[in-house]
Amino acid sequence: MSPGEYARLLAIVCPPESVCWLCRGTLGPIRHDLGGRHRLGPSLDHVVPASKGGTWDLSNLRPAHQCCNSARRDRPPSIPRGVRSSRWANAGRRGT
Ligand SMILES: [Zn+2]
């Protein structure tokens, strides 16, 4: 995985306005303006971790914050306590 290839995939999987699939936007939008090394910067997360045979295929990649990606490691995505799966999309939004 070269930096150029990573950037190409990132542009496809994690375009501007993308919502982090791990925190569902609870931490705010993915900040492309802060760069990929910032904790809220963009990263590519593997649905099936690479260590468990996951590939870099687009179907196995999701947009995520750097901090959410590194916190997850190889665990499955956490479900916010008390929030049913169908309500994930609205979790953390103001005024709802
Ligand atoms: Zn996140």
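The model is predicted. A zinc ion is held by Cys20, Cys23, His65 and Cys68, and Cys20 and Cys68 also belong to the largest nonpolar core. One aromatic pair is present in the structure.

**The zinc site**

- Four residues coordinate the zinc ion at 2.0 to 2.3 Å: Cys20, Cys23 and Cys68 through their SG atoms, and His65 through ND1.
- The geometry of the site is tetrahedral, and the angles among the four donor atoms run from 104 to 114 degrees.
- Along the chain, the donors of the zinc ion are arranged with the spacing C-x2-C-x41-H-x2-C.
- Cys20 is located in the loop between helix 1 (3–13) and strand 1 (42–46), whereas Cys68 belongs to helix 2 (residues 66–72), so this pair ties together parts that are 48 residues apart in sequence.
- Cys20 has a relative accessible area of 1% and is buried, because the limit for a buried residue is under 20%.
- Cys68, at 11% relative accessibility, also counts as buried.
- Beyond its neighbours within four places in sequence, Cys68 is in contact with Cys20, Leu22, Cys23 and Leu27.

**The nonpolar core**

- Nonpolar side chains tend to be buried together in soluble globular proteins.
- The largest nonpolar core here has 15 residues, and those touching the most other members are Cys20, Leu22, Leu44, Leu61, Ala64 and Cys68.
- Helix 1, strand 2 and helix 2 are the elements that each supply two or more residues to this core.
- Helix 1 gives the largest share, which is three residues.

**The aromatic pair**

- The distance of the centres and the angle of the planes describe a pair of aromatic rings.
- In the one aromatic pair of the structure, the rings of Tyr6 and Trp56 lie 6.0 Å apart from centre to centre, with 70 degrees between their planes, and the arrangement is edge-to-face.
- This pair links distant parts of the chain, since Tyr6 is in helix 1 and Trp56 is in the loop between strand 1 and strand 2 (61–65), 50 residues apart.
- Tyr6 counts as partly exposed at 25% relative accessibility, and Trp56 is partly exposed with a relative accessible area of 34%.

**His46 in strand 1**

- His46 is part of strand 1 and is buried, with a relative accessible area of 10%.
- Apart from residues up to four places away in sequence, His46 touches Thr55, Trp56, Asn60, Leu61 and Arg72.
- Among these contacts of His46 are Trp56, a member of the aromatic pair, and Leu61, a member of the largest nonpolar core.

**Cys67 in helix 2**

- Cys67 lies in helix 2 and counts as buried at 17% relative accessibility.
- When residues up to four places away in sequence are set aside, Cys67 touches Leu27, Arg39 and Leu40.
- Cys67 and Ser43 are separated by 24 residues in sequence, and their C-alpha atoms are 9.0 Å apart in space.

**Ser59 in the loop between the strands**

- Ser59 is found in the loop between strand 1 and strand 2, and at 55% relative accessibility it counts as exposed.
- A polar contact of 2.7 Å joins the side chain of Ser59 to the side chain of Asp57.
- Ser59 and Val48 are eleven residues apart in sequence, with 10.0 Å in space from C-alpha to C-alpha.

Key:
Residues numbered from 1 in each chain as written. Predicted model: local features only at pLDDT ≥ 70, side-chain atom pairs only at ≥ 80, totals over all residues. Heavy atoms only, no water. Donors = N, O, S within 2.8 Å, 3.2 Å for Na, K, Ca; no water. Tetrahedral: all angles 85-135°; square planar, octahedral: opposite > 155°, others 65-115°. Helix = DSSP H or I, 4+ residues; strand = E, 2+ residues; numbered from the N terminus. Buried < 20%, exposed > 50% of the residue type's maximum accessible area, 1.4 Å probe, protein only. Phe/Tyr/Trp six-rings, centres within 6.5 Å; stacked < 30°, edge-to-face > 60°. Contact = heavy atoms within 4.5 Å. Core = buried A, V, L, I, M, F, W, Y, C linked by side-chain atoms within 4.5 Å. Polar contact = N/O pair within 3.5 Å; in protein donor to acceptor, adjacent residues only side chain to side chain.
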